[in-house]
Amino acid sequence: MFSKRRSGSFLWVWYTGLALFYAVWALVVFGQGKLDVALEHWPMALAMAFGSYAAGSTPMGGGTVGFPVLVLLFDMPASLGRDFSFAVQSIGMVSASLYILARRQPLAWAMLRGALMGALVATPAGILLFAPLVPDLWVKLAFAILWGSFGILHLYRLREITAHDHTGDPDCPLDFRVGLLLGGLAGFSAVAVTGVGIDMVIYAALVLLSRVDLKVAIPTSVVIMAFSSVVGVAVKSLAGDWQPDVFGNWLAAAPVVALGAPLGVLVVSLIGRRPTLLVVALLCVVQFVWTCVAERATLGVTGILAAIVALLLCLAGFEWLRTLGLRREARRHSRARRAGGPDKESPAGLPVAGLAMESR
C-alpha cells in the first residue's frame, strides 16, 4: 500500500509499530468489552479521518481538527480538546513520524534537535504550571488566533512558500538556537494550553526564516508534534489529570489516525501539498470566525476587536520572520556567487535582489 521509495528495509519498523498498536487496541476494545464506548464516539472517528490526513500532509497536527470539533461543534471544555489532542496525536503523529523516518525522508535536523530539547523541558512545565491558570475562553481564543493567522498567511503567501527548494543545513548553529528557543516557548505556552502549536511555530521558522522546502519543513513539523504529544501524554498520565471522556473519543479515533496520518504523508507526495494546504488554511480562518461568533456574547465588541488585533500581530510576526529570511537567503546566494556557483534565482522565481527590495 505504501511506497518503499528511499526506505530500503526500514519500513518494517513502521509495520511493527502499527501491528503492536492495533493488537493493544483490539485487546482493550474486545478483551475488556469497550466496543460500545468506541461506537458511541463514532463522530470523532469520522472527524479525525480528515484530521489525521491533514496531520500527515500539512504542518497542522491532528488536534487542529480534533480541538475545534470537540470545543466548537460539541461544546466541550477547551481542556478536553487539549487532552484529546495529546492522546490522539500520540498515535497518529507518532505513526506518521515512524513512516517518515522509515522512508528516510530529509528533515531539518539542526532546528529539530533544538526544538526537541526545548519541548522536552518546557512542555511539562507549561502543562503543570501555566495551563491551569488559563481560563477556558482564553484557550479557545489562543487556538483560534494562532491557527487563524496561520491560515491567512498561507492564503496570500502560498505560492512563495511552496516554491522553496532549499533543503537546509543539518549543522547550522543558528537554526539549532532558533529551534531551542521556539521549541521552549511553544512547548510552555501553545502546546501546554491547546495541545498543538509547536508544529506550526517550527514550520513557520523553517519556511519563513530558513526558506526551507516544504518536503523538508512539513515532515519536520510532524516529528516535533509527535514528540511533544508523547511528552504531554506522559505528563498527564503521571499527574493523573486527564479530562473525562478523552478515553472514549480516543478509542474511536485512534485506529483511524494510525493509518490516516501516514496516508497523508504518502498522498501529498503524489498530488502535491498546495491543494491540501489551501483547504486547511480556509478551515483555519473559518474556525477563527466561528469562535468569535460563538463567543460574541462573552467577548463583546471589545473582545472581538482584541482577538482581531492579536491575529494581526501574529501575522506581523510571520512577516518579520519572512523579512529576516529574505535577508538570510540573499546572503546565502551572495556567498554561492563568490564561491563561483551559479547566480541562482530565489525559490519564488525572482532575483534575490528583487526579493530583498520587496521585503522593505
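Rings of Phe, Tyr and Trp (its six-membered ring) pair if their centres lie within 6.5 Å; planes under 30 degrees apart count as stacked, over 60 as edge-to-face and the rest as tilted. The model is predicted, so local features need pLDDT of at least 70 and side-chain atom pairs count only at pLDDT 80 or more, while totals for chains, interfaces and linings use all residues. Residues are numbered from 1 along each chain as its sequence is written, and side-chain values use heavy atoms, without hydrogens and water.

The structure holds 11 aromatic pairs. One of them joins Trp14 and Tyr15. The pair is tilted, with 5.1 Å centre to centre and 50° between the planes. Accessibility is classed by relative accessible area: buried means under 20%, exposed over 50%, and partly exposed in between (1.4 Å probe, protein chains only). Trp14 counts as buried because its relative accessibility is 1%. Tyr15 has a relative accessible area of 37%, so Tyr15 is partly exposed.

Phe143 and Trp147 form another tilted pair. Their ring centres are 6.4 Å apart, and the planes make an angle of 50°. Both residues lie in helix H7, four residues apart, or about one turn of the helix. Helices (H or I, at least four residues) and strands (E, at least two) are DSSP runs, numbered from the N terminus. Phe143 and Trp147 are both buried. Together with Phe150, Tyr203 and Phe318, these two residues form one aromatic cluster.

A cavity is a set of points where a 1.4 Å probe fits but cannot get out; a pocket is an open set with protein on both sides within 12 Å along at least five of seven lines. Lining residues have an atom within 4 Å of a point. Grid points are joined across faces, edges and corners, and a volume is the space filled by probe spheres set on the points.

The largest pocket has a volume of about 730 Å³. It is lined by 32 residues, and the closest to its centre are Leu182, Leu185, Val201, Phe318 and Leu321. Helices H7 (136-161), H8 (173-194), H9 (198-209) and H13 (296-338) each give two or more residues to this lining. The largest share, 11 residues, comes from H13. The lining divides into 26 nonpolar, three polar and three charged residues. Here Ala, Val, Leu, Ile, Met, Phe, Trp, Tyr, Cys and Pro count as nonpolar, Asp, Glu, Lys and Arg as charged, and the others, Gly among them, as polar.

Methods
1 Å grid on protein atoms, 1.4 Å probe; cavity = no way out; pocket = protein on both sides within 12 Å on 5 of 7 lines; lining within 4 Å.
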